[in-house]
Amino acid sequence: MRRAAVGRAAPELEFNPPNEERASRGLSGKLAGLYKRPAGRPLALGSPCGSRRGARCVREGPACARSGGTSGTMAEGDNRSTNLLAAETASLEEQLQGWGEVMLMADKVLRWERAWFPPAIMGVVSLLFLTIYYLDPSVLSGVSCFVMFLCLADYLVPILAPRIFGSNKWTTEQQQRFHEICSNLVKTRRRAVGWWKRLFTLKEEKPKMYFMTMIVSLAAVAWVGQQVHNLLLTYLIVTFLLLLPGLNQHGIILKYIGMAKREINKLLKQKEKKNE
């Protein structure tokens with residue numbers, strides 16, 4: 001019995017690795033079979049799409065890398081645009097620093113923070129245009145007086161504004177609002193430049209449509225200018241532009257646009273009923 005026990009081979013001990021190690025071995029084996037990387041290129045388990053999609057990115061290979069590269073390029077473009085906007089806003093703030101108090105006051109007036117601001121705007125604009133109508137200056141005299149007024153304002157406002165409003169009263173809220181105003185001005189300038197570039201793009205891509213649109217638009221403007229007195233037309237345009245920020249702030253334009261849309265929908269429904 002002892003000889004038999006000695007001659008019998010000793011049983012092999014099984015080594016059972018932990019579950020996590022077995023799972024990792026199985027996953028690595030599957031990944032190695034599914035995606036064979038070219039020689040010399042390392043297998044990157046991390047992916048630009050996120051760690052949860054690592055296995056999927058490894059299976060998809062170059063396609064996932066291209067999508068990750070596209071998203072990375074878009075993110076870089078957004079960051080670059082944001083940094084450029086911040087730089088332009090900071091430059092404009094530095095240029096208009098002497099106009100800070102005046103711009104904040106004008107912003108309050110244009111946004112109608114008080115009920116009597118809209119009549120005051122219309123009264124001042126009406127008085128100005130009545131003066132122009134009474135004096136009846138020539139075009140050259142009017143342009144010269146306007147440029148002279150701008151030069152005087154550019155020289156006197158930075159000097160007199162701190163004495164009138166008090167530079168020591170500048171608060172954090174005012175600085176924040178001044179930053180928002182400058183940022184809005186930069187965005188408006190960017191939109192204008194963007195529309196100007198789109199116009200030239202339309203000229204290059206669709207020249208016939210460009211010329212037809214320009215001719216029809218300019219002809220309509222010329223007809224309106226011929227029917228309405230130029231000073232009255234200028235008065236209406238200036239008044240509307242000065243009242244536009246307050247109209248947007250109080251939602252008046254959106255209100256009337258919604259009313260117009262409802263009326264148009266009613267007319268279309270009535271026409272459909274008549275056709276039926």
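**Helices, pocket and selected residues of a predicted model**

The structure holds zero disulfides, a disulfide being a pair of cysteine sulfur atoms within 2.5 Å. The model is a predicted one, in which local features need pLDDT of at least 70 and side-chain atom pairs count only at pLDDT 80 or more, while totals for chains, interfaces and linings use all residues. Residues are numbered from 1 along each chain as its sequence is written, and side-chain values use heavy atoms, with hydrogens and water left out. Cysteine 145 is partly exposed, at a relative accessible area of 45%, and cysteine 182 is buried, at 0%; buried stands for under 20% relative accessible area, exposed for over 50%, and partly exposed for values in between (1.4 Å probe, protein chains only).

The chain contains 11 helices and zero strands. Helices (H or I, at least four residues) and strands (E, at least two) are DSSP runs numbered from the N terminus. Of the 276 residues of the chain, 14% count as buried. Among contacts (heavy atoms within 4.5 Å) between residues at least 6 apart in sequence, 69% join residues at least 24 apart.

The unreviewed UniProt entry annotates residues 115-135, 141-161, 209-226 and 232-257 as "transmembrane region"; the positions follow the numbering used here, feature names are shortened, and such annotations may be inferred rather than shown by experiment. In the model, residues 115-135 are 90% helix and 0% strand, with the end C-alpha atoms 32 Å apart. Residues 209-226 are 100% helix and 0% strand, and their end C-alpha atoms lie 26 Å apart.

The largest pocket has a volume of about 1600 Å³. On a 1 Å grid over the protein atoms alone, a pocket is an open set of points where a 1.4 Å probe fits, with protein on both sides within 12 Å along at least five of seven lines, and lining residues have an atom within 4 Å of a point. Grid points are joined across faces, edges and corners, and the volume is the space filled by probe spheres set on the points. The lining of this pocket comprises 37 residues, with Leu128, Phe129, Phe146, Phe149 and Leu150 nearest the centre. Two or more lining residues come from each of α5 (100-110), α6 (117-135), α7 (139-166), α8 (172-205) and α10 (230-249). The most are given by α7, with 11 residues. By class, the lining has 23 nonpolar, nine polar and five charged residues, where Ala, Val, Leu, Ile, Met, Phe, Trp, Tyr, Cys and Pro count as nonpolar, Asp, Glu, Lys and Arg as charged, and the others, Gly among them, as polar.

Phenylalanine 178 lies in helix α8 and is buried, with a relative accessible area of 0%. Leaving aside residues up to four places away in sequence, phenylalanine 178 touches Glu93, Leu96, Gln97, Gly100, Met103, Leu104 and Trp170. The C-alpha atoms of phenylalanine 178 and glycine 100 are separated by 6.7 Å, although the two residues are 78 residues apart along the chain.
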